[in-house]
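Subject: Structure handover

Hi,

Here is the structure I promised to pass on. Please open it next to this email, and my notes follow below.

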Amino acid sequence: MKSHSNGNLSKVYIQDFVLEGFGGGLVTQALLFTLFLALYMVTLLGNILMIIIITLDARLHSPMYFFLKNLSFVDLCYSSVIAPNALANFFSSSKVITLAGCATQFFFISLMATTECFLLGVMAYDRFMAICSPLRYPSTMCQSACTRLVLGAYCGGCFNSIVQTSFTFHLPFCSSNRINHFFCDVPPLLQIACGNTAINELLLFGICGLIIVGVTFVILISYCYITVTILRMGSGTGRRKIFSTCGSHMTAVTLFFGTLFVMYAQPGAIESMEQGKVVSVFYTLVIPMLNPLIYSLRNKDVKEAVQRLGQKHTVT
């Protein structure tokens, strides 16, 4: 800690934080460690396999799977920013994270979460173009356009992350160094700041709310047009295939945006830290684990790609 004095007033500025994580005894900590480890291992395996399958199978080299591969990469990074440190802290006596380490973790969490929001919006737009404008789809969603859309998602994530990190870590932390969470996040950090956090709360609810509502609006509009187009189709097989693909995406969207809204886009989030920890486990570990399962179990193309790779490996 650094101490600064001015006359009779003195403040101690914190250089290290303690991540309190979850309460409970040794048995509880062991159970939580096992749960976190299982979730993280499945997340790693599922997302790495998804990236490998899409990369190796030429039939999956289409815009939809290009975006899905990037989603898997983001989920992989997202969980990896949080899970290893959280696992190490379950049996650590200190649970200390430096100010620089906390800011770095915070930056990448915000970057990955925001990028995933934009990617889910881009994926909805891709399905809209493929189903509602199939003749224009090849020219509209060419490789360069897809690359620009993905880069735009990362740039949007980077912008929000820079803003949130800059404003949060410019606050003075002098009242306590104990973060009531298992990673560095906005609500628990604002709770221990000793400065005026009104602007930070406005930025949190304003920017995050705008992103969530804006992307949700794009997704809903896209799926309204998709639904109308599907209902006009005469082929039952075509309808089932589209519903299967779009259903997977809507499941992922509902899970991710629902938990983000509970955590960041409504004012009560900052006061309810215990609820926030449970919600955080869901969107940082459970959803990244579920996404590969959602997109593979309900996707015939991915299942066939797995079979082809398996047969190729058997023959070799």
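A word on burial before anything else: a residue is buried under 20% relative accessible area, exposed over 50%, and partly exposed in between, using a 1.4 Å probe and protein chains only. Please keep in mind that this is a predicted model, in which local features need pLDDT of at least 70 and side-chain atom pairs count only at pLDDT 80 or more, while totals for chains, interfaces and linings use all residues. Residues are numbered from 1 along each chain as its sequence is written, and side-chain values use heavy atoms, with hydrogens and water left out.

Now the overview. The protein has ten helices and five strands; these are DSSP runs numbered from the N terminus, with helices being H or I of at least four residues and strands being E of at least two. Of its 316 residues, 48% count as buried.

**Cysteines**

How many disulfides does a search of the whole structure find? There is one, taking a disulfide as a pair of cysteine sulfur atoms within 2.5 Å. It joins C102 to C184, with an S to S distance of 2.0 Å. The two partners come from distant parts of the chain, 82 residues apart: C102 is in helix α3 (residues 99–132), and C184 is in the loop between β5 (178–179) and α6 (186–192). Both C102 and C184 are buried. The torsion about their S-S bond is about -125°, so this disulfide is left-handed.

C142 is partly exposed, with a relative accessible area of 27%. C224 also counts as partly exposed, at 48% relative accessibility.

**The sheet**

An open sheet of three strands runs in the order β4-β3-β5, with mixed pairing; two strands pair if DSSP finds at least two bridges between them. β4 (96–98) and β5 are the edge strands, each pairing on one side only. Strand β3 (residues 16–19) is parallel to β5 and joined to it by two bridges.

**Around S280**

S280 sits in helix α9 (residues 273–297) and counts as buried, at 0% relative accessibility. Beyond its neighbours within four places in sequence, S280 is in contact with H181, F182, F183, M263 and L285, where contact means heavy atoms within 4.5 Å. S280 and H181 are 99 residues apart in sequence, and their C-alpha atoms are 9.3 Å apart in space. Their side chains make a polar contact at 3.2 Å. That term means a pair of N or O atoms within 3.5 Å; within protein, one must be able to donate a hydrogen and the other to accept it, and residues adjacent in sequence count only if both atoms are side-chain atoms.

**Nonpolar cores**

A nonpolar core is a set of buried Ala, Val, Leu, Ile, Met, Phe, Trp, Tyr and Cys residues joined through side-chain atoms within 4.5 Å. The largest has 73 residues, and F36 and F257 touch the most other members. Helix α3 gives the most to this core, with 14 residues. Apart from it lies another core of 19 residues, including A103, I179, L190 and I192.

Happy browsing!
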